[in-house]
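Thanks for coming. Please look at the model on the screen, and I will go through a few of its parts in turn.

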Amino acid sequence: MSESRRKVVVVPCSGIGKTYGTVSREAAFELTENLRPETTQVVPLSLLVLGDEASRAAVAGNPAVTIDGCKLACATKMVKESGGKILQDYAVLDVYRRYKQFKPQGIAELNEGGQKLAGALAGEIASLVDGLDPDGEGEQNA
Amino acid sequence: MTEYLETTVDKFIFRVATDRVYSREGLWALAEGSRVRIGLTDFLQQRSGDIAFAEVEPVGTSLSAGDEVAAIETIKVNVILPSPIGGRVVEANPSMATSPEVVNQDPYGQGWLAVIEADAWGTDQGKLLSPQAYLEVMRGEAEEEARKL
């Protein structure tokens, strides 16, 4: 893999005290720390909201994946506002509908279902990232 | 066109359709000849949260008023929904299996739950609340919840 290859930016929900927000962050961490650390990076939504220059530059200069915890879709809106190009926007509720067996509960600490749901979502995003053209602008390979 | 009563509690706006009657538990009943269409109120869907899954009792099921007619799982809670009337389920909204979020999007229209062939609509109807009466019940519950925040 080229050193200069751009990393896909992952922006999860920043909602505190909400199970689905926690699922979004756990999925982002699982992806960027364990599954695809070489090709993905987390950009915290809170830094984008605060106008952090490095975070805004990362979003503006790399393909982005957003994970929203509710229908307010703050992550997706903020990435768009920051000039980012969204490859795929995920809503945890929609992901849960695909994995009904993984019922998420808990906030600071997810239950087993929540952890598995986060893992499943991370796996989906990893597959998406794997399909990208490393030389392209974020387009998926045919 | 359906008209609505409306009330605002805290930052939330709740609507109550004026063309039907209501149970205290937050289900509406709209007569269509001998059949009655039922669904969740705007207040109940907002209070429950975004719906992940909804299951309606199958067609042919006989119910008494108060029996479980459907169950929803939302991002916050699991809710058992008691039928506002007695009768037999003759239609279940197919959207509940594929896109239950329609309840959140259009609770008084496309988000209906079931159609029931009523056993005694006249009697059941008399036990249900008018739109104005339900608005008052709902407002009380909403204000109580707002005080807890």
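In which sense do β3(A) and strand β4 of chain A pair, and over how many bridges? They pair in the parallel sense, over 6 bridges, with β4 covering residues 85-91. Two strands count as paired if DSSP finds at least two bridges between them. Strands themselves are DSSP runs (E, at least two residues), helices are runs of H or I with at least four residues, and both are numbered from the N terminus.

Some housekeeping. This is a predicted model, in which local features need pLDDT of at least 70 and side-chain atom pairs count only at pLDDT 80 or more, while totals for chains, interfaces and linings use all residues. Residues are numbered from 1 along each chain as its sequence is written, and chains are lettered from A and ligands numbered from 1 in the order in which they are written.

Is β3(A), residues 63-68, mostly covered or uncovered? It is mostly covered, with 6 of its 6 residues buried. Buried means that 20 or more other C-beta atoms lie within 10 Å of a residue's own; exposed means 12 or fewer, partly exposed is in between, and C-beta atoms are placed from the backbone. In a regular strand the side chains alternate between the two faces of the sheet. Here Pro63(A), Val65(A) and Ile67(A) point one way, and Ala64(A), Thr66(A) and Asp68(A) point the other.

The loop between β3 and α4 of chain A contains Ala73(A). This residue has a positive phi of about 55°, although it is not a glycine. Ala73(A) counts as partly exposed because it has 16 C-beta neighbours inside 10 Å.

Asp10(B) is not a glycine either, and its phi is positive, about 55°. Asp10(B) lies in the loop between β1 (4-9) and β2 (12-17) of chain B. Why is Asp10(B) counted as exposed? Because it has 11 C-beta neighbours inside 10 Å.

Last, a sheet in chain B. Its 3 strands run in the order β6-β8-β9, open and with antiparallel pairing. β6 (51-56) and β9 (78-82) of chain B are at the edges with a single partner strand each, so one side of each has no neighbour in the sheet. β6(B) pairs with β8(B), residues 68-74, over 5 bridges, and Ile51(B) stands opposite Thr74(B).
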